[in-house]
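Below are my comments, point by point, to read alongside the model.

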Amino acid sequence: MNEVDNFLKRFHVSSNIDDTFTTGCCYWFAFVLYVRFLSKGSILMYDEIANHFGTKIDGIVYDITGNVSDKYKWKDWNSITDEALLSRIRRDCIMF
């Protein structure tokens, strides 16, 4: 088990934790991972179609469920420049 998987395991103390961080609070869990693994060059990632956030760490994208690199069409969060999209995401996902 790698360092990231070990970190993720600590969050699974509740049976509904995956639901919490995959249906509405995914940005905040991605942000936790981003800050925790900043020393590994973590990058916030976003899938516009699924409206889902993850964090790339050592080339692998994670969310609360683990490695989701191939599950979504990830873009670097910082590469998104569409102001209407950013405004909607901030309103609905970040500042809800």
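**Notes on the model**

1. Let me begin at the surface. A nonpolar patch there is made up of W28, F31, V35 and F96, whose accessible area together comes to about 390 Å². Please keep in mind as you read on that this is a predicted model.

2. One member of that patch, W28, belongs to helix α3. W28 counts as partly exposed because its relative accessibility is 34%, and that class covers values between 20% and 50%.

3. Next, have a look at S42, which sits in the loop between α3 (26-36) and β1 (43-47). Is S42 buried or exposed? S42 is buried, because its relative accessibility is 6% and the cut-off for buried is under 20%.

4. Which backbone oxygens does the side chain of S42 approach? A polar atom of this side chain is 2.6 Å from the backbone oxygen of Y34, and the side chain also reaches the backbone oxygen of F37, at 3.4 Å. Beyond its neighbours within four places in sequence, S42 touches L33, Y34, F37, T55, K56 and I57.

5. I57 leads us on to the strands. Strand β2 (residues 52-57) runs antiparallel to strand β3 (residues 60-63), and three bridges join them; I57 has I60 in β3 as its bridge partner. The two strands form a hairpin with two residues between them, and D58 in the turn has a positive phi of about 50°.

6. Finally, β3 also pairs with strand β4 (residues 66-67), in the antiparallel sense and over two bridges. Here Y62 stands opposite N67. β3 and β4 likewise make a hairpin, with two residues between them.

Methods
Residues numbered from 1 in each chain as written. Predicted model: local features only at pLDDT ≥ 70, side-chain atom pairs only at ≥ 80, totals over all residues. Heavy atoms only, no water. Helix = DSSP H or I, 4+ residues; strand = E, 2+ residues; numbered from the N terminus. Buried < 20%, exposed > 50% of the residue type's maximum accessible area, 1.4 Å probe, protein only. Polar contact = N/O pair within 3.5 Å; in protein donor to acceptor, adjacent residues only side chain to side chain. Contact = heavy atoms within 4.5 Å. Patch = residues over 30% accessible without salt bridge, like charges linked within 9 Å, V, L, I, M, F, W, Y side chains within 5 Å. Areas by Shrake-Rupley, 256 points an atom, 1.4 Å probe, with all protein chains shown as cover. Salt bridge = Lys/Arg side-chain N within 4 Å of Asp/Glu carboxyl O. Pairing = 2+ DSSP bridges.
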